[in-house]
Structures are given as C-alpha cells and as structure tokens.
2 protein chains.
Amino acid sequence: MSFPVSILATGSELLDGRVVDTNSNFVAQALSECGLKLQRVLLVDDDRSELVAGLRELSSVSRLIITSGGLGPTTDDLTRDIVSEFFGVGLYEEPKARTHLEGFLKKRGRVLDSSNIKQAYLPVGSEMIPNELGTAPGFTMVRGDGLVVCSLSGVPREFKKMFTDSVLPLIMERAQNAQRLQKVSFKTFGMPESYVGQVIERCALPEQVIVSYRAAMPEIHVRLKAVESFDLSASVEKVRAALGPSLIFSEDPQQSFFERLQELLLQKRATIATAESCTGGLIAEYLTRTPGSSEVFLGSVVSYDNAVKEKVLQVPGGVIAQHGAVSAEVVRIMAREVRNLMGATFGVAVSGVAGPGGGTDEKPVGTFFIGIAGPERSFELRCFYGSERSIIRTYAAYVTLDLVRRELQGHPIPSSYPIGA
Amino acid sequence: MSFPVSILATGSELLDGRVVDTNSNFVAQALSECGLKLQRVLLVDDDRSELVAGLRELSSVSRLIITSGGLGPTTDDLTRDIVSEFFGVGLYEEPKARTHLEGFLKKRGRVLDSSNIKQAYLPVGSEMIPNELGTAPGFTMVRGDGLVVCSLSGVPREFKKMFTDSVLPLIMERAQNAQRLQKVSFKTFGMPESYVGQVIERCALPEQVIVSYRAAMPEIHVRLKAVESFDLSASVEKVRAALGPSLIFSEDPQQSFFERLQELLLQKRATIATAESCTGGLIAEYLTRTPGSSEVFLGSVVSYDNAVKEKVLQVPGGVIAQHGAVSAEVVRIMAREVRNLMGATFGVAVSGVAGPGGGTDEKPVGTFFIGIAGPERSFELRCFYGSERSIIRTYAAYVTLDLVRRELQGHPIPSSYPIGA
C-alpha cells in the first residue's frame with residue numbers, strides 16, 4: 001500500500017458504548033471504491049496524552065491521518081490544540097472560520113460567544129476544511145516529509161460531507177502515483193469456509209493476488225485483489241472453475257443471495273410459493289425483502305400447526321401419523337399442494353426440528369426436510385445442521401432457496417449441504 | 001482508570017469497509033455497566049507486522065488486551081501465531097480444543113481436516129476459552145507483569161458469548177474499581193424516543209440515578225442505574241407510573257417483545273394466526289423465533305398475490321377492486337378468514353405499501369392497514385410510517401403484534417402509533 005491512510009477517532013462516547021463509530025466504515029468503503037484501503041483505525045479517549053500517542057503511533061505507519069471528533073466548543077475538545085502541538089505551531093483566528101461561525105449561529109438566532117469562538121482558531125499553516133453542516137470547521141496540516149493530518153468534526157453527517165468534499169479529493173491527488181487495486185468477488189453458498197479456503201489454496205495463485213474471505217453466514221465470500229497493472233484474468237478463471245458455477249451464486253459484490261434468486265426467477269419467468277413449517281415464514285420474508293418481489297413470489301402457507309398442514313395443504317393425517325410431520329413424505333405433499341394452490345412454477349416446502357426441544361434419536365434438533373415441486377421434476381432432501389434455533393432456521397431457508405437456484409441454473413442437486421464452519 | 005482494557009480487532013473486512021466493527025461497542029457497553037471504560041480500540045489488517053505493532057502499542061497502555069478475529073482456518077488467520085510469538089512461546093495441540101472441533105464438526109456431518117486442525121493449536125501456557133457457537137476456541141495468556149491477552153473469535157455472536165462468559169468475569173475479578181450497579185429496565189413500544197425522554201425528564205429523578213436510553217428500533221428501552229447502596233424504588237415507581245402500563249411491554253431486560261407476547265398468549269390460553277401481505281411472512285417469523293411458539297402460533301397465509309387473497313382467504317375480487325388490496329375492508333376479511341381457517345383465538349392481518357414503488361397520493365409508501373379479529377371484537381387501524389421498505393415492514397409487524405398485546409392486557413387501543421424519531 002503506497003499511500004496508507006489511518007483514522008484517529010476521539011470521544012468518550014465511543015469508548016463507553018453510547019455510540020458506534022460509523023465514520024471509519026464510511027471512509028473504509030470510500031477508499032475501497034478507489035482501490036485503497038485503510039491502514040489502521042484507532043479510537044482513543046478525549047485525553048491529551050492518548051491523542052498525542054495516537055498521532056505519534058499512526059504517523060509511523062501512515063501518510064495521511066484523519067482525525068474524527070474533538071473540534072467542539074467544550075473543554076474536552078482537544079484536537080486542534082494537540083494537532084498544533086504535534087506540528088510545533090500555535091493557533092490563530094481564521095477570519096473565514098469566524099465568518100462561517102457567525103453566519104451559522106445567526107441563522108439559528110444565536111451569537112458567537114466565548115465558547116464558540118474557540119472553533120474559529122486553527123493551527124498556524126493549516127488550510128481550513130469547510131463544514132457546511134455544523135459549527136466546527138476542520139483543517140489540513142502538511143509536514144515537511146509529506147505527512148498529512150486532516151481534522152474533521154466527529155458528528156457523522158458533518159464528518160461524511162467534509163471527508164467526501166475535501167479529504168477524498170486530496171487523497172486521490174496524492175495517491176495518484178499509488179497503484180489502484182482491481183477486485184473480483186465470488187459469493188458462495190453451500191460449502192464451509194474451510195473447504196472454500198482449501199479450494200483457493202490449491203489454485204496456487206500468483207503472489208501478486210491478494211485473497212480475502214468473509215463469512216457472511218451462511219454465505220462465504222471470496223475476494224481477489226491485485227494492482228491494476230497485473231493481469232488478474234487467469235487467476236479469476238482458475239478460481240471460478242475451481243469453486244464451480246453451482247457454488248458461486250453471484251460475482252456482483254452488491255447483489256444479495258435473494259436478489260440473485262429473484263433475477264433468475266425473472267429471467268425464467270418463473271414464480272415461487274412456499275409452504276413452511278420450522279422456518280415459520282422466514283423464506284417468504286427473505287423473498288419479499290427485495291423490491292419487485294411481487295413479480296416472482298406469490299405467497300406462502302406457514303403451516304406450523306399440523307391441523308393447518310391437513311386443512312390448508314391437504315396433507316393426510318395418516319401420512320403425518322405414519323411418517324411424522326418432519327419427513328420427506330410430508331414435505332413432498334406440502335410442496336406439491338402449495339404449488340397447486342397458488343399456481344406457482346415452484347412450490348417449496350420445509351419441515352424440521354428447529355429446537356431447542358422436539359428432537360429424537362432418529363430426527364435430532366437440526367434435522368430438516370426440504371421438498372421442491374417444479375415444472376420438470378420434484379424431489380426431497382434430508383439435511384442436518386446441529387446448531388441453535390435461529391441458525392437452523394436460517395440454514396433451512398437458505399438451503400431451500402439454493403435448491404431452487406440450482407434448479408433454475410441447471411446445476412446438479414447436492415446430496416448434502418455441509419455448510420458452516 | 002486502574003484496569004485499562006483495550007481491543008485489537010483484526011480483519012481486512014474491517015478496513016476495506018465490508019464490515020462494521022460491533023464487537024468493540026459490545027465490550028464498551030459491558031464495561032460501562034460495571035463502571036469501567038475501554039482504553040483504546042485499534043483495528044488493523046490481517047498482517048503480521050501490524051498485529052505485532054498493535055500488541056506492542058496497546059500493551060504499553062493496557063492491562064488487558066482483547067483480540068478479535070484471526071482465529072479461523074485460513075491462511076490470513078494469524079492471531080494465534082502472533083500472540084504466541086509476542087509471549088515468546090510455541091503452539092501445542094490442545095486436546096480439549098481438538099475434542100471440541102471434532103464434536104462440533106461431527107454434529108454437522110463433517111470431519112476434522114488439515115485446515116481445521118489449525119484451530120486446535122493454542123499458545124503454550126495459555127488457557128483455552130471455549131467457543132460453543134463456532135469452531136475456533138479462544139485463549140487467555142498472562143505475562144509475568146500481569147498483562148493479560150484474551151484472544152476471541154471475531155464472529156460477533158461467538159465473540160459476544162466468549163466475552164460475556166469468559167473475559168468479563170476475569171475483568172471483574174482483576175479490576176479493583178469495577179463495581180456492580182443496580183439496574184432497572186423499561187422496554188417500551190408505541191411512542192417515539194423524544195416523547196419517552198420528555199416523560200422521564202418530567203419525573204425529575206434524583207441525581208444519583210443515571211438514566212440511559214436505547215433505541216432498539218422500533219423499541220425504546222429506558223434504563224435506570226445507581227450504585228447498589230442507593231434506594232432506587234421510589235424512582236422506579238415514578239417512571240413506571242409516568243410511562244404507563246400500555247407503553248411498557250416488559251421490565252425484564254432479557255425478554256424480547258415476542259417472548260412477552262407469547263407469555264401473554266399462553267396465560268390467556270389464546271392462539272394466533274396471521275394473514276400477511278406487505279410484511280411477507282415477517283410477523284409469522286417473529287412469532288416463531290421463540291422456542292415453544294407452537295403452543296400459541298398456528299400458522300399464516302402470506303397472500304402476497306391478490307389471487308391468493310381471493311382463493312385462500314376468500315377476499316372477494318370485487319372488494320379488492322373497489323377498495324384496493326391496501327384497505328380496511330380487505331384486512332378485515334383477511335383477519336376474519338385466517339382466524340376461521342386455522343381456528344385461532346386471534347386472526348391478524350396486514351396489507352400495506354412497503355415501497356419503494358406502488359405508492360399513490362391517497363395511499364403513499366408507508367401506509368398500512370391492520371385488521372384484528374378476536375373473540376370479543378374485531379377492528380382495523382390505518383397507520384402511516386414513511387420510511388424505507390425494511391423499516392416499514394418491521395413497524396407494520398410490530399404494530400400488529402402490539403395491538404394483540406394491548407387486547408390481551410385490556411389496554412385501550414391507540415388511534416395511531418407515532419413511533420420513531
């Protein structure tokens with residue numbers, strides 16, 4: 001990384017749990033868009049020695065440090081003092097800052113007082129960073145060796161606007177000589193992270209390719225990155241082939257699993273209806289998260305009670321009595337009946353033991369059966385994922401939808417889903 | 001601060017913006033409960049020299065460092081190597097860790113392989129921190145001078161459980177200034193945070209009482225805290241009366257809104273069935289999150305498509321044509337019919353415009369109708385909450401269930417829900 005950027009965020013509210021630092025993630029995403037990456041994020045208290053130590057430590061590994069917070073009018077706002085000390089300069093009253101403050105306060109029926117006027121003072125030699133949304137202007141300082149410190153308001157909407165308008169352009173200008181990174185994403189579902197990791201390792205990619213993994217449970221995302229001058233295509237082909245088209249559900253980093261399924265259903269002009277027992281409506285909820293879902297999703301029968309399975313989905317009481325509600329026989333009928341009832345291309349059904357109670361030796365907690373009734377064929381799959389209730393339900397819903405995805409894409413149906421871990 | 005605790009979080013997903021670090025905020029809140037505060041939070045990349053530098057820097061200002069992440073099975077998981085190097089020891093295969101891994105994988109129908117086995121290795125001299133929810137166990141190392149390093153999985157639910165079960169007790173034991181505060185929680189739904197804040201302010205509580213608010217949207221939680229020697233009972237009574245019993249759904253900090261509703265349904269031996277349009281199964285999903293939900297929840301018809309409303313819920317096509325699918329007339333029939341179909345005590349129905357498309361001048365995005373059909377009476381409520389799709393769906397589901405809660409408790413039904421903001 002040729003232009004390392006770090007963040008020094010200050011504020012006791014970050015360290016006592018009242019506020020989650022979202023400014024850093026905003027910067028991280030913005031840099032990532034430009035092929036750059038944050039070096040470090042350091043959160044410290046509104047404390048003189050902590051701020052000084054933070055600046056010192058980050059300056060040893062960064063070429064640009066963004067400070068967030070500590071520019072307010074109160075006594076615990078120390079950033080402008082500490083940064084000017086760090087650069088060995090004093091403060092001066094910046095006329096543009098004073099004009100901004102007076103105008104900002106006047107608009108709100110207030111006048112500049114001895115507390116606010118502090119915010120018009122900037123380190124000698126700095127350049128002011130305007131803050132249209134708040135009182136405190138920020139500033140940029142540059143050291144002889146090229147180290148840049150940009151101090152911004154910590155209020156998220158102020159920080160984000162100041163960063164986008166003033167700091168990002170400065171980074172892009174200075175990081176010009178730095179090589180940008182190209183990125184390729186593979187989003188997978190169906191195999192555990194350890195398996196995905198082994199597959200990638202066996203690809204023996206060139207050392208110029210940076211591989212990273214993210215477990216967005218139950219999805220596993222893989223990302224390949226390299227400098228723009230490097231030809232990544234051979235590595236991408238290798239990984240794509242090694243993971244295989246049935247494991248990869250999308251290569252678009254912005255596309256969710258559910259959006260991908262909706263896209264495939266739309267492409268095939270297919271519709272879906274669900275009959276859910278242990279997932280309790282979760283599959284329907286997933287399918288309706290995406291705007292436009294009414295084009296592909298017709299409805300669901302959540303047949304939690306066995307009487308609802310019998311009455312609404314025509315599952316004969318005798319079948320439930322003989323095989324149990326958690327069985328291939330029952331999901332076969334549920335899937336077929338909900339498909340018929342709603343006139344859908346695909347009827348899907350799930351019945352399982354989500355726990356914590358209700359498990360047996362034969363069907364322990366985590367056992368679920370999935371039934372898929374499609375236009376060409378129908379089938380059932382028995383799965384097992386021993387975990388806690390919410391995760392079992394999530395996995396059962398994902399596996400069900402993944403089976404539909406594989407059917408739509410013409411991929412083989414796996415005999416099991418060893419997901420997780 | 002006599003026992004400074006810091007966090008070293010590692011993972012390229014934290015620095016390239018894919019993931020927001022929420023583990024630190026969780027720790028910050030937990031420490032705050034005990035009168036302690038975090039010293040620093042440092043996010044670094046999965047990089048050898050960065051991890052080493054991070055440990056060195058934090059160890060100079062902390063007595064306990066929690067590392068988050070880097071315990072997975074892939075090559076970018078470096079934490080156990082770096083921590084053992086920092087302590088100048090090697091790694092050994094911990095039998096308890098191996099047993100855990102084997103058991104964890106076996107439960108999921110998998111076996112220990114060369115990649116997973118890495119997770120059974122811990123630094124020599126460390127004590128294992130169990131990880132019930134994932135594969136990677138954590139560990140605690142203690143240096144001669146008393147410095148403690150606790151390494152935990154970075155997966156939030158694993159991190160949080162490991163921190164709560166193993167690290168927090170260790171901090172409470174070692175930190176002399178940690179003091180338990182007594183706490184009383186009020187969980188509310190139905191009025192905005194600003195209203196709740198004004199109600200509490202008017203209570204004029206003694207200065208020994210610390211009030212904090214948490215917007216666990218769409219719920220608003222209020223907490224009163226005081227040192228254990230202070231008599232909090234008068235303040236609790238005042239707040240309870242000021243908020244009122246219809247706004248407070250629970251005073252148990254561990255009890256969710258859905259658990260409370262399930263408890264009330266069980267007490268009245270009542271059951272519920274739902275007919276959902278814009279919420280797409282979310283209400284059913286909420287109701288089935290809690291173990292034992294089959295005692296009170298019978299099932300749901302998600303009638304996303306109007307044909308399903310007609311065929312399964314007997315809503316006459318003429319009523320839809322005349323009043324629209326989003327109308328009091330339609331939810332009245334949906335609620336009544338699902339109640340009859342499933343033989344439930346309460347039939348509830350929602351139909352609305354979740355957006356982003358589909359809004360009209362008369363019924364803009366955010367408009368939803370709720371129908372409640374109960375044993376004693378039936379009614380409909382028109383609501384509006386202009387927001388984005390997922391939030392509109394969440395609010396619609398909550399308002400529906402809150403109306404059932406109020407019916408069960410005999411509280412008056414509000415004419416509107418001015419929730420949010």
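Predicted model: local features only at pLDDT ≥ 70, side-chain atom pairs only at ≥ 80, totals over all residues.
Me: Which residue of S12(A) is the bridge partner of A:Lys187?
Reply: A:Ser250 is the bridge partner of A:Lys187 in S12(A).

Me: What's the strand order in that sheet?
Reply: S10-S11-S9-S12 in chain A, an open sheet of four strands with antiparallel pairing. Strand S10 (210–216) and strand S12 (248–250) of chain A are the edge strands, and each pairs on one side only.

Me: How are neighbouring strands turned against each other?
Reply: By 35° on average, with direction ignored.

Me: Which strands does helix H7 of chain A touch?
Reply: Helix H7 (residues 193–202) of chain A packs on the sheet and touches S9, S10 and strand S11 (219–227) of chain A. The direction of H7 makes about 165° with that of S10(A).

Me: And H8 of chain A, which strands does that touch?
Reply: Helix H8 (residues 233–243) of chain A also packs on the sheet, touching S9, S11 and S12 of chain A. The direction of H8 makes about 5° with that of S9(A).

Me: Switching topic. How many salt bridges over all chains?
Reply: The structure holds 45. One of the pairs is B:Glu33 with B:Lys183, where the closest N and O atoms are 3.0 Å apart.

Me: Is B:Glu33 buried or exposed?
Reply: B:Glu33 is buried, at 14% relative accessible area. B:Lys183 is partly exposed, at 39%.

Me: What about B:Lys225 and B:Glu33, how far apart are the closest N and O atoms?
Reply: They are 3.7 Å apart, and the two residues form a salt bridge. B:Lys225 sits in strand S11 (residues 219–227) of chain B, 192 residues from B:Glu33 in helix H2 of chain B. Both B:Lys225 and B:Glu33 are buried.

Me: Which residue does B:Arg332 form a salt bridge with?
Reply: B:Glu380, with the closest N and O atoms 3.0 Å apart. B:Arg332 is in helix H13 (residues 328–342) of chain B and B:Glu380 in strand S17 (residues 378–384) of chain B, 48 residues apart. B:Arg332 is partly exposed at 38% relative accessible area, and B:Glu380 is partly exposed at 24%.

Me: Last one: which residues do salt bridges that share partners join into one network?
Reply: A:Arg223, A:Lys225, B:Asp16 and B:Arg18.

Note on methods:
Residues numbered from 1 in each chain as written. Chains lettered and ligands numbered in written order. Heavy atoms only, no water. Pairing = 2+ DSSP bridges. Helix = DSSP H or I, 4+ residues; strand = E, 2+ residues; numbered from the N terminus. Axes fitted to C-alpha atoms, helices over the stretch in contact; angles between N-to-C directions. Contact = heavy atoms within 4.5 Å. Salt bridge = Lys/Arg side-chain N within 4 Å of Asp/Glu carboxyl O. Buried < 20%, exposed > 50% of the residue type's maximum accessible area, 1.4 Å probe, protein only.
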